[in-house]
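Two packed helices are described by the angle between their axes and the distance between the axes.

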Amino acid sequence: MRIGIAGITGRVGRLLVEEVQAAGATLSGGTTRKPEAASGLPQGVPLFKDMAELAANSDVVIDFTHADTVIPNAQALAAAGAAWVLGTTGLSAEQQSAVNKAAEKIAVVHAANYSPGVTLVQRLAQMMARVLPADSYDAEIVEMHHRQKVDAPSGTALAIGEAVAQGRGVKLADVRESGRDGHTGPRKEGAIGFAALRGGQIVGEHEVLFTSADEQIVLGHRAFDRRIFATGAVRAAKWVKGHKPGLYSMEDVLGLPPL
């Protein structure tokens, strides 16, 4: 099995190199915006000039690059027929549409977070939201990441929020409250709130809190090492090879039954 890595010289890219090799798969090569940083890669690993070349030489490509690359990457992978494990978050409607269109031709796994633990947190959050009434239990999601993170709330926090919204049968965009500041007035019934904290080199911490007048339930996850994301992505790459075209999630990779 040939696995390619987009952004192979990045922090996650280098971990992916190690995890692909540990899984016994063939590292087909990668792309990078910084070829001068390739000195630390294993000897003989080819660097390709673009996604089209990488896809043509891979069965599956793992992509944790940037939202700006999603549309051209989707087109290149679909044209080559290579499966796609996508970990990029914060996609616009146009970019998400490109992913969906690619999934008509190739198998695509798209997840905000490839940690099995986070996947289970999302599933449990959806289940809890189904049985805890929105008019009695306020849902709040708190996340903290390293100081270099540029987006807020995190893609994982938003994915957890989507899970809560699905459990309640609403659209997240209609009930989302982020970054409260100043005289905001009372909390709106049924809102799903987000708070984002930044500091140090924290890999990722997420909590979803359901709070009523009488009790609070807290569901949380802490990542100690970003290697967990690389390990999960390689697991997804091994799983997706040979699957028919379609858009899959980490829940599919883990074999979780539909709710």
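Predicted model: local features only at pLDDT ≥ 70, side-chain atom pairs only at ≥ 80, totals over all residues.

## Packing of H5 and H6

Helix H5, residues 116–131, packs on helix H6, residues 155–168, at an angle of about 30 degrees, and their axes lie 7 Å apart. Because angles under 35 degrees count as roughly parallel, H5 is roughly parallel to H6. The crossing in which H5 passes H6 is right-handed.

On the H5 side the contact is made by Val118, Val121, Gln122, Ala125, Gln126, Ala129 and Arg130, and on the H6 side by Thr156, Ala159, Ile160, Ala163, Val164, Gln166, Gly167 and Arg168. By class, the residues of this contact of H5 with H6 divide into 8 nonpolar, 5 polar and 2 charged.

At 1.5 Å a residue, the 16 residues of H5 should span 22 Å, and the end C-alpha atoms of H5 are 23 Å apart, which agrees.

The buried residues in H5 are Val118, Thr119, Val121, Gln122, Arg123, Ala125, Gln126, Met128 and Ala129. What covers these buried residues of H5 includes H6, together with strand E9 (204–211), strand E10 (216–223) and helix H9 (250–254).

## Packing of H3 and H4

Helix H3, residues 70–80, and helix H4, residues 93–102, pack at an angle of about 10 degrees with their axes 9 Å apart, which makes H3 roughly parallel to H4. Val70, Ile71, Ala74 and Ala78 of H3 make the contact with Glu94, Gln95, Ala98, Val99 and Ala102 of H4. The contact of H3 with H4 has 7 nonpolar, 1 polar and 1 charged residues.

Terms used:
Residues numbered from 1 in each chain as written. Heavy atoms only, no water. Axes fitted to C-alpha atoms, helices over the stretch in contact; angles between N-to-C directions. Helix = DSSP H or I, 4+ residues; strand = E, 2+ residues; numbered from the N terminus. Parallel < 35°, antiparallel > 145°, perpendicular 65-115°, else oblique. Left-handed = near helix turned anticlockwise from the far one by under 90°. Contact = heavy atoms within 4.5 Å. Nonpolar A, V, L, I, M, F, W, Y, C, P; charged D, E, K, R; others polar. Expected span 1.5 Å × (residues − 1). Buried < 20%, exposed > 50% of the residue type's maximum accessible area, 1.4 Å probe, protein only.
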